[in-house]
Amino acid sequence: MDKSKKIASGLMVVLLLIIATLVFLWKQTGALQEEPFTSTSFAMGTYVQQTVYGENGEQAAQEGDRAVQELENKISWRVESADVARLNAAAGTDWIDIAPETASILQDALDVAERSNGAFDPTILPISSLWDFGGENQHFPGDAELQRFLPFVDYRNVRVDAEQSKASIKIRGAAVDLGAIGKGAACDQMVRAYQEASAKAGVAAVGGSIGLYGTKPGGGAWRLAIRDPDSGNDKAVEMGTLDLKEGFISTSGSYEKTFEEDGRTYHHLLDPKTGYPADNGLVSVTVVYQNGAMSDALSTAAFVLGLEQGRALLEEYGAGGVFIDRDHRVTVTENLKDAFQIVSDAYALAE
Amino acid sequence: MSGRRETVRTFQKQDLLLIVFAVLLAAAAFSWFQLQPSRGLVAVVEQEGNVLYRIDLDQQAQTEILDLGGPYHVTLAVEPGAVAFQHSGCPDQTCVRVGKLTRAGQAAVCLPARISVRLEAADGEQAFDAYTGAVQWGKGP
């Protein structure tokens with residue numbers, strides 16, 4: 001009797017030990033074993049990459065793709081039936097009805113335009129279409145052409161009534177191009193789609209903009225890489241990392257879209273005041289904010305404003321920023337000091 | 001224990017020790033296997049979001065040229081531990097300018113050809129969850 005009791009308790013101990021070990025190991029490795037659903041697609045003239053965690057990751061990613069496509073069909077000036085194309089066509093006439101999403105993005109755009117004193121301007125189309133960056137006709141349009149169309153660039157010509165979902169452009173010849181806010185806005189829509197599809201967590205990346213959704217499985221922060229502006233030619237590398245729990249991240253870099261003509265390199269970040277690419281020593285500005293559209297617009301605004309004024313603008317919004325100048329000096333706003341880390345020897349913090 | 005040989009052996013102290021030892025051994029092996037920093041770099045080549053190839057770059061012994069054809073005659077250089085767009089007939093050449101991809105999470109895209117190459121870690125452990133800033137991205141919305 002005594003003996004079998006001993007055996008039984010011995011067996012119990014062994015069993016408990018096995019269970020405890022399995023639970024411990026499962027806890028330890030569970031996070032690694034959860035495979036996210038990843039997908040890539042093309043929309044808004046760019047590359048869309050999604051990583052979605054949770055049982056319905058695949059469905060959430062499909063919803064994400066659909067969200068980007070739907071948004072493009074509303075805010076593109078190239079799609080004839082889009083709100084923005086119709087708005088441009090109606091310039092100088094009357095108010096037109098637009099989708100609530102378009103109204104909200106236009107409103108965000110005007111907000112950043114106003115507070116950056118026009119350093120970001122959604123009415124850049126008359127100038128940006130002359131340069132045609134990334135298009136088949138990309139070229140330096142010449143100073144005379146730029147001066148001719150510059151007077152049409154003024155965000156104050158756009159009026160938005162978000163409550164009624166209406167907008168208008170006051171003068172004929174003025175036109176809206178949401179290229180500098182659209183990718184961030186797409187991240188907003190994708191994160192919303194993940195939420196509606198009850199995904200567990202996910203990362204949406206549209207061009208250079210990123211949206212974070214939920215808590216990274218396994219705990220800890222999402223780790224994002226800021227691209228080295230000098231990468232390319234055998235160096236597809238990162239210059240720094242950002243560890244973030246949430247938010248939207250956008251980068252405006254002069255390396256992103258360029259062409260050469262007569263020995264000069266032109267980049268796509270145009271200063272709405274001059275019509276020329278902004279030239280103030282910066283090569284890249286990364287912005288972290290709670291809203292994707294705004295993070296995108298703010299990165300352009302801060303790039304065009306330059307380090308000092310750009311930093312002041314971000315502080316006004318409570319946004320985070322990482323500024324890189326052409327001498328590889330890096331300036332980080334106070335609120336990102338703990339999250340940001342330089343990983344390349346070629347870069348150093350300013351000050 | 002009586003020590004009588006004819007007793008049917010059921011369960012003894014040595015057996016318990018043996019089982020504990022076996023469990024510990026299994027646990028150790030399992031942890032070792034899990035924590036092993038398996039490199040396993042996989043290049044995923046996609047067109048229009050559909051996977052064309054999955055190439056284990058750690059198994060790659062030498063440089064190979066992968067001809068993807070199409071209107072832009074895209075070719076990839078697949079090397080041990082790296083992959084790059086070697087050629088594309090597209091006007092912007094941004095995919096070629098990206099250079100060699102060597103770490104999980106990196107990607108290069110030829111927008112006109114709608115071909116993308118991204119690196120995945122075989123064990124799912126990416127160095128980064130995403131890259132901000134993009135070398136390219138044709139026409140905006």
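Modeller: What follows starts with the interface and then turns to some local features of chain A.

This is a predicted model, in which local features need pLDDT of at least 70 and side-chain atom pairs count only at pLDDT 80 or more, while totals for chains, interfaces and linings use all residues. Residues are numbered from 1 along each chain as its sequence is written, chains are lettered from A and ligands numbered from 1 in the order in which they are written, and side-chain values use heavy atoms, with hydrogens and water left out.

At the interface, 60 residues of chain A are in contact with 46 residues of chain B, contact being heavy atoms within 4.5 Å. The buried area between the two chains is about 4,700 Å², and carbon and sulfur atoms give 59% of that area; buried area here is the accessible area (1.4 Å probe) that two parts lose on being put together, summed over both. Ten residue pairs, both at pLDDT 80 or more, are in polar contact between chain B and chain A, where a polar contact is a pair of N or O atoms within 3.5 Å, one able to donate a hydrogen and the other to accept it within protein, and residues adjacent in sequence count only if both atoms are side-chain atoms. The chains also share two salt bridges, each defined as a side-chain nitrogen of Lys or Arg within 4 Å of a carboxyl oxygen of Asp or Glu, and a salt bridge joins the side chains of R103(B) and E238(A) at 2.5 Å, N to O. On the side of chain B that touches chain A, the elements giving two or more residues are α1 (13-35), α2 (94-98), β6 (107-110), β7 (115-121) and β8 (130-132), and α1(B) gives the most, with eight residues. Helices (H or I, at least four residues) and strands (E, at least two) are DSSP runs, numbered from the N terminus.

Most residues other than glycine have a negative phi. S198(A) counts as exposed because its relative accessibility is 52%, and D262(A) is exposed at 77%, exposed meaning over 50% relative accessible area, buried under 20% and partly exposed in between (1.4 Å probe, protein chains only).
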